[in-house]
Amino acid sequence: VHNKTLVRMNNLFRTELWAPLLDILFPAHCLACSTGLRGRRGISYCAKCLQDVQLLQEPFCNKCGIPFDQAAGESHLCGYCLNNSWYFKQARAVVRFEPPVAEAVKIFKYKGKMHGLATFAALSQQYFQRQQLPQPDLLIPVPLHAKRLRQRGFNQALLLCQKIFPSWRQKIAPHILERNIWTDPQTGLSGAERRRNVRNAFMVHRPEKIKHKKILLVDDVFTTGATVNECARILVKNQAAEVNVFTFARALG
């Protein structure tokens with residue numbers, strides 16, 4: 001115990017000692033307006049831009065997680081979920097996919113700029129103080145097709161998994177679910193077109209690994225839910241006990 005205490009004190013001392021120098025050499029900037037954030041680490045938004053970052057909170061749809069106006073009262077099923085079924089048990093997201101968050105996510109996803117990851121993780125930890133996720137047996141990031149993975153160089157869902165859930169890192173299983181069919185990008189497609197586009201696009205390797213397991217499926221943005229629902233369908237088909245969905249952002253339109 002004594003040694004562990006010394007290690008913690010040493011790490012704290014080094015952090016406090018080097019933080020001012022790191023701020024000088026590598027000053028943080030607001031992800032939205034590029035204002036300097038000297039002395040602030042963690043959430044890289046200035047005070048003004050942070051006002052527009054909205055953590056999702058109740059009331060929201062018990063199923064798909066879309067937020068309601070506060071006047072709606074308690075959480076309940078939205079109109080879509082009352083008339084349509086999903087293969088996942090519930091979907092939850094941290095923030096609205098709106099400015100300034102939307103731009104930061106796009107820069108991360110399409111341009112490979114990783115400096116927003118720490119902010120995504122810090123906002124997620126704030127969210128988890130209000131909303132608890134079901135304890136999973138496995139975390140499965142939504143996979144990219146091998147061709148798109150080569151083009152992009154990384155799977156954004158896997159990086160989010162690793163950064164947002166460090167204490168569950170041993171549960172992350174990135175090779176169980178595979179995107180085995182090349183599909184057109186979902187951007188610009190309607191909900192029905194998105195569902196057709198991803199139909200049968202995924203397969204499960206070693207289904208015994210997910211049999212009777214509770215799965216947390218992780219992605220960057222929930223738009224129409226077509227992709228995560230198709231992933232959930234194939235996981236449930238291969239006898240997963242249940243599938244819940246976590247995305248960092250939630251599109252509302």
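**Close-up 1. Aromatic pairs, with Tyr80 and Trp86 as one of them.** Search the whole structure and you get 12 aromatic pairs; rings of Phe, Tyr and Trp (its six-membered ring) pair if their centres lie within 6.5 Å, with planes under 30 degrees apart called stacked, over 60 edge-to-face and the rest tilted. Tyr80 and Trp86 come out as tilted because their ring centres sit 5.6 Å apart with the planes at 50°. Tyr80 is partly exposed at 38% relative accessibility, while Trp86 is buried at 14% (buried is under 20% relative accessible area, exposed over 50%, partly exposed in between, using a 1.4 Å probe and protein chains only). This is a predicted model, so to speak of local features we need pLDDT of at least 70, and side-chain atom pairs count only at pLDDT 80 or more, while totals for chains, interfaces and linings use all residues. Residues are numbered from 1 along each chain as its sequence is written, and side-chain values use heavy atoms, leaving out hydrogens and water.

**Close-up 2. An aromatic cluster.** Here, ring pairs tie Tyr127, Phe128, Phe165, Trp168 and Phe246 together.

**Close-up 3. Asn229 in helix α9.** Helix α9 covers residues 226–237 (helices are DSSP runs of H or I, at least four residues, and strands are runs of E, at least two, numbered from the N terminus). Asn229 is buried at 13% relative accessible area. Beyond its neighbours within four places in sequence, Asn229 touches Trp86, Tyr87 and Phe88 (contact means heavy atoms within 4.5 Å).

**Close-up 4. Strand β2 beside β5.** Leu138 and Ile140 point one way from β2 (residues 138–141), Leu139 and Pro141 the other, and all are buried. β2 pairs with β5 (residues 214–222) in the parallel sense over 4 bridges; pairing takes at least two DSSP bridges between the strands. Opposite Ile140 you'll find Leu217 in β5.
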